[in-house]
Amino acid sequence: MMRIKRPVIQADLKEKELKDLYQPHDYILELDGYDLNEPDFTTVQVEQVRLYNCVIRDGIFNDMDLSDADLTDVRFIGCDFSNVNLSQASIHRVEFENCKLLGTQFSETMLGDTLFQEAILNLSTFADSKLVRVYFQESSLQEAAFFECKLKQVNFEECELNDITFDHTPLKGINLSTSTFDSIRVAIEDLKGCQVSRDQALGLVGLMGVEVV
């Protein structure tokens, strides 16, 4: 497994109900040191969310605008982020385990030391984002798209990548060899230095207009 920094989370987290942690007039929701079970964040009307040193289980975030969110040292387990806007968010030492991120938007987002494990990221979009030490493990990224992203120490292990798009996103040093796809959208120049399996390489020959007979 690629080395990434895991979330730094204290052992004695406080168990609370989400409704008890903010006031209706609050501009920012800032939580530090909590263990939340089945919180529905869609009931929270704030302009910014900051989560630190937390474990959140089966949380509901779908369709929320979490742009400019700050997520540091957080473990999300079984949470739903479908169609969430995480543009310009800062995500560091965060784990998304068995989470649903269908159609999630990561635009101008900074992700560092982040793990997506058994997550669904189909139709998600990463645009003008920077990913450093990000690990996608046994996750589905079908029809996901990376536009003009910078990838450094990013790994896709045993992922479903069918119809994924890498547009103006160099894949030098990226390992796709253990993942599966029938087709991907990527320019030849962006494939330089990418690690693929022998079978994948045969499939990619078509990008060069070559027919294998």
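Me: Let's start in the middle of the chain. Where is Gln 137 found?
Reply: Gln 137 is in strand 10, which covers residues 130-137. Strands here are DSSP runs (E, at least two residues), as are helices (H or I, at least four), and both are numbered from the N terminus.

Me: And what sort of model is this, before I go further?
Reply: It's a predicted model, so local features need pLDDT of at least 70 and side-chain atom pairs count only at pLDDT 80 or more, while totals for chains, interfaces and linings use all residues. Residues are numbered from 1 along each chain as its sequence is written, and side-chain values use heavy atoms, with hydrogens and water left out.

Me: Back to Gln 137, then. Buried or exposed?
Reply: Gln 137 counts as buried, at 12% relative accessibility. The cut-offs are under 20% relative accessible area for buried and over 50% for exposed, with partly exposed in between (1.4 Å probe, protein chains only).

Me: What does Gln 137 touch?
Reply: Leaving out residues up to four places away in sequence, Gln 137 touches Leu 115, Phe 116, Gln 117, Glu 118, Glu 157 and Cys 159. A contact means heavy atoms within 4.5 Å.

Me: Which residues touch the most other members of the largest nonpolar core?
Reply: Phe 76, Phe 136, Phe 146 and Phe 156 do, in a core of 60 residues. Its largest share, four residues, is supplied by strand 4 (residues 48-57). A nonpolar core here is a set of buried Ala, Val, Leu, Ile, Met, Phe, Trp, Tyr and Cys residues joined through side-chain atoms within 4.5 Å.

Me: Tell me about strand 4. How many of its residues are buried?
Reply: Eight of the 10 residues in strand 4 are buried, so the strand is mostly covered.

Me: OK, which strands does it run parallel to?
Reply: Strand 2 (residues 28-32) is joined to strand 4 by five bridges, in parallel. Strand 3 (residues 34-37) also pairs with strand 4 in the parallel sense, over three bridges. Strand 5 (residues 70-77) runs parallel to strand 4 as well, with seven bridges. Two strands pair if DSSP finds at least two bridges between them.

Me: Which residues stand opposite each other?
Reply: Asp 32 is opposite Tyr 52 in strand 4. Asp 35 has Val 55 of strand 4 as its bridge partner, and Val 55 in turn stands opposite Arg 75 in strand 5.

Me: I'm also looking at Val 49. What's around it?
Reply: Val 49 lies in strand 4 and is buried, with a relative accessible area of 6%. Its contacts beyond four places in sequence are Leu 29, Leu 66, Ala 69 and Asp 70. Leu 29 is 20 residues apart from Val 49 along the chain, and their C-alpha atoms are separated by 4.9 Å.

Me: Last one, the overall picture. How many helices and strands?
Reply: One helix and 14 strands. The C-alpha atoms fill a box of roughly 65 × 30 × 20 Å along the principal axes, and 49% of the 213 residues count as buried.
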